[in-house]
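Here is a short walk through one structure. Keep the sequence and the 3D view open while reading.

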Amino acid sequence: MTCVKSNQAVSPLVSLNPFFLYKKNVSFAAAKAEDGDAYQKRIPKPEVKTPKKDHPVYLDDISFAVAKKIAENANKLGISRTDYLIQNIRSLAYIPQVMPEQSKTAIVGKTNVTTLIDGEQIFDKAVEYIKSAKDSIQIEMFEFQHPSIDGHKWPSNGAEAVAGFEEHNSLLPMIIKKKKENPDLKVQIILDAHKWYMDGTGTPIRHYNNQDMIRYLKTNGIDVVPYPRPAQNGAALQHVKLVAVDGKKLIIGGMNWGTHSTANHDACVAVETRDGNKNSEVDNILTEIFNKDWAFSWQRLGRTKIVAGPLTEDEQVLYKGLNKEIKQENVDYMKIVGELYNNDNDKNRYDESDLSKLDIIKRTPVENPAIKVLSTKPRELAYIGEKGSESIRQYVMEKVKTAKKLRAELFVLSDKEIIQTIIDRVHNGELDAKIIVDPSIIEEFPYCNTAYQKLVENNIDVRQYKTDTNITQRMHGKWAVFDDKEVLIGSANWSAMAMNQNLKKGQREDYEKYTEQINKEIVGYMKTVEAYENAVGIPPIIRKKLDYKEVMIRRAKIKKAVNEINETGTAEIKLQDKVYKFDVKNRSDLNTIKGYYKIIIDRNNAKEKYKRGNNEAAIAFEKPVLARVFLRQFEKDWKHSESEYEKVRNRVYEAPPMNGTKLDVAG
């Protein structure tokens, strides 16, 4: 086969005809002169040629035996060699709806940062890194799955047709093999142990995420730990997606290592320490994210009960009410934890007097890093002498308040304050914003649909990504570009769970716009209910500062009065040291007042409060040349997701005037 090397991207559908043996260490011209004619004559000529419109090319680096076999089989079937390979290599048969932008590498601080869009680029890079590991492999994942381990719960659902699927599946055996070949290689893995009630096939079973993988890794000599769950004062989810090798290079972004992940439209970046530097921003990321989570996970494992609630009938006597229930998923999880971690070494691994037991690989962060390290972490990190964090939220809020341009692809966009800020700034002409979101989340979760509809109703440029249903695709990205130059990418969706944490107690003071909006609604309800309060002769609840405790007490008294009227025909209540009497003719108004009081109480309770969120990680950096890669991808995805209505509308608006007259499109 003739050898043609090119830096240009080649479509999966390129022809592989004709074939010519590639001889290593021999130049193209010499190889062709020495071996080309002889070997080419021995390969059957194609009975069906690849059409010229498909741009046939020569394939580089393939053996004569393989070329001959392909040629013979294609002829036997009466098809071209391209079609033969497409039929036999599933990832060649699948053509992405939107081709990912080619990877681009640029210098950022003391690192080289490379853009990675979609499964092929991301998992090719992961394989490259894992293969090169000499000292350490560190992985922190929300989903780490493999068909041979938990494929019965998490099937590929079409991902097997997508480039990158085989590379992803090669990672687990590769890690196990490398550890067995090099026992000194440190392999440290942190996985989510969130409770699920349904598997990837839609079967309503109760189980914990990654439980099969945790068992498999642990029993194969891999140092793995489940991130602490809420019952252990951890996070709602361990949602970080990070893999690092030798402390010199890492991948971070939105791509999970799940059996179906390859099918998703997603993005990451690779960050690699540049030659000549002993340390770099990679050290900052690992110090702030992985090392903290590693220590925290072991500390909680040894200091807390793994599950909340009784596991046996003997333990039930210690609980009351609904808490007495023995939950099967807790029993199942304890079987795993008890089997794997109920030993002195694991339970006592976090030892403040001897932290060497943790095998933490210490890093040396650089000062004034060119890459911002951002996170969402619970306040209980204080147990290991660290602080909880909401730096992802702080960064995003600052940017949506100050940036002039925003382009983002987000699996989830539901944070009320972020949405209101975007709406206000767009309406004020201060922000040019376009956002692409995933449609399945909008369909699945009402609060996400509410957020999306609010953006649409306020004429914000937002589109649902047109996913490929043939591969059960999701638009899983979690990235944004601000002002055409600054990139934010990581694991965090733009939701309250991803950005908020339990750093304080009570109502949040930083949801100013959302709180103001609710207060306006409440004032409107108070004005409405005042007419009914006057009708029954009780003083209105309108105050300069509303006492919600008073509203709750009033509602309880009115509810009791309505019940008494139903029973006896009359009732009385005491408000502000005065007794008010009612009878049947007041019942309807009292019921209305009671209903409005409930609405007012509910709206007040809807104000955002500090609460436990996810464990998340993200990075941000300013590099226009890399930002442009994501912007080009965004424009392709935006056009791809254009609705039929938008296409018609845009054609009307963009059509040239006819016969010198202006088009009337007002109707």
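**A helix pair and a sheet**

Helices α18 and α20 are roughly antiparallel to each other. This is a predicted model. Two packed helices are described by the angle between their axes and the distance between the axes. Here the axes of α18 (residues 512-536) and α20 (residues 587-605) cross at roughly 165 degrees. They come within 9 Å. Angles over 145 degrees count as roughly antiparallel, so the pair falls in that class. The crossing is left-handed.

Which residues make the contact between α18 and α20? From α18 come, among others, Y514, I518, I522, Y525, M526 and V529. The α20 side includes L590, I593, Y596, Y597 and I600. Charged residues take part too, among them E521 and E533 of α18 and D589 and R603 of α20. The residues of this contact divide into 15 nonpolar, three polar and four charged.

Now turn to the sheet. It is open and has eight strands, in the order β12-β11-β20-β17-β16-β13-β14-β15. The pairing is mixed. β12 (389-390) and β15 (461-464) stand at the edges. Each has a single partner strand, so one side of each is left without a neighbour in the sheet.

Look next at β11 (residues 371-377) and β20 (residues 616-622). These strands run antiparallel, joined by six bridges. One detail to locate: S375 has A617 in β20 as its bridge partner.

Helix α13 (residues 391-402) lies across β11, β12, β16 (478-482), β17 (486-490) and β20. Its direction is at about 120 degrees to β11.

Methods. Residues are numbered from 1 along each chain as its sequence is written. This is a predicted model: local features need pLDDT of at least 70, side-chain atom pairs count only at pLDDT 80 or more; totals for chains, interfaces and linings use all residues. Side-chain values use heavy atoms; hydrogens and water are left out. Two strands pair if DSSP finds at least two bridges between them. Helices (H or I, at least four residues) and strands (E, at least two) are DSSP runs, numbered from the N terminus. Contact means heavy atoms within 4.5 Å. Axes are lines fitted to C-alpha atoms, for helices over the stretch in contact, and angles run from 0 to 180 degrees between N-to-C directions. Angles under 35 degrees count as roughly parallel, over 145 as roughly antiparallel, 65 to 115 as roughly perpendicular and the rest as oblique. A crossing is left-handed if the near helix is turned anticlockwise from the far one by less than a right angle, and right-handed if clockwise.
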